Amino acid sequence: MKVTVIGSHLCPDTLYALNRLSEAKAEIDFKNLSASLPDLKVYLSLRQDSPAYADIRENGGIGIPCLVLEDGTATRDLDAVLKRFAG
């Protein structure tokens, strides 16, 4: 299963997610917001319109890493994504 990880190489949580997904043998497409303005624009659009990011917006957070599954589901719940690789 492919997982798109939207984050930054400067973010410890993003690096942790990338390592855990790699250990789980996920096919990873990493969108590094610190290195790509087009990827940043796509992420900001997703973040602005998603109710899942209401708390992040209210608290002035960034909300990374964001994990996007093949079916288009976007989540910040790494454990839920990793469960898909278990067993």
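**Whole chain**

Start with everything shown as a cartoon. The model is predicted. Count the elements: there are 4 helices and 4 strands.

Now switch to the C-alpha trace. Along its principal axes the trace spans about 35 × 25 × 20 Å. How does the radius of gyration compare with that of a compact globule? For 87 residues such a globule would have a value near 12 Å, and the protein has 12 Å, which agrees.

Colour by accessibility next. Buried residues account for 36% of the 87 residues. The protein exposes about 5400 Å², and carbon and sulfur atoms supply 51% of that area. Take the contacts between residues at least 6 apart in sequence: 53% of them join residues at least 24 apart.

**Stop 1: Ser-8**

Select Ser-8. You are in the loop between β1 (2-7) and α1 (12-23). Is Ser-8 buried or exposed? Its relative accessible area is 6%, so Ser-8 is buried, the cut-off being under 20%.

Show the side chain. It reaches the backbone nitrogen of Leu-10 at 3.0 Å. Ser-8 touches Thr-14, Phe-30, Asn-32, Ser-34 and Ile-64. Keep the last of these on screen.

**Stop 2**

Move to Ile-64. This residue lies in the loop between α3 and β3. Ile-64 is buried as well, with a relative accessible area of 16%.

Which residues does Ile-64 contact, leaving aside neighbours within four places in sequence? They are Ile-6, Gly-7, Ser-8, Cys-11, Asp-13, Thr-14, Leu-33 and Tyr-43. Pick the C-alpha atoms of Ile-64 and Thr-14 and draw a distance. The two residues are 50 apart along the chain, and the distance is 6.7 Å.

Step one residue on and look at the peptide bond. From Ile-64 to Pro-65 it is cis, with omega near 5 degrees. Pro-65 is found in the loop between α3 and β3 (66-69).

**Stop 3**

Tyr-43 was among the contacts of Ile-64. Select Tyr-43 together with Tyr-53 and show both rings. How many aromatic pairs does the model hold? The count comes to 1 aromatic pair. The ring centres of Tyr-43 and Tyr-53 are 6.1 Å apart and the planes meet at 80 degrees, so the pair is edge-to-face; the cut-off for that class is over 60 degrees.

Where do the two partners sit? Tyr-43 belongs to helix α2 (residues 37-49), while Tyr-53 is in the loop between α2 and α3 (54-58), so the pair ties together parts that are 10 residues apart in sequence. Check burial here. Tyr-43 has a relative accessible area of 1% and is buried. Tyr-53 is buried too, at 2%.

**Stop 4: Lys-25**

Finish at Lys-25, in the loop between α1 and β2 (27-32). Is this residue buried or exposed? Its relative accessibility is 71%, so Lys-25 counts as exposed.

Read off the backbone torsions here. Phi is positive, about 65 degrees, although Lys-25 is not a glycine.

Conventions. Residues are numbered from 1 along each chain as its sequence is written. This is a predicted model: local features need pLDDT of at least 70, side-chain atom pairs count only at pLDDT 80 or more; totals for chains, interfaces and linings use all residues. Side-chain values use heavy atoms; hydrogens and water are left out. Rings of Phe, Tyr and Trp (its six-membered ring) pair if their centres lie within 6.5 Å; planes under 30 degrees apart count as stacked, over 60 as edge-to-face and the rest as tilted. Helices (H or I, at least four residues) and strands (E, at least two) are DSSP runs, numbered from the N terminus. Buried means under 20% relative accessible area, exposed over 50%, partly exposed in between (1.4 Å probe, protein chains only). The radius of gyration is taken over C-alpha atoms; the globule rule is 2.2 Å times the number of residues to the power 0.38. Contact means heavy atoms within 4.5 Å. Accessible areas come from the Shrake-Rupley method with a 1.4 Å probe; for residues, only the protein chains shown count as cover. A polar contact is a pair of N or O atoms within 3.5 Å; within protein, one must be able to donate a hydrogen and the other to accept it, and residues adjacent in sequence count only if both atoms are side-chain atoms.
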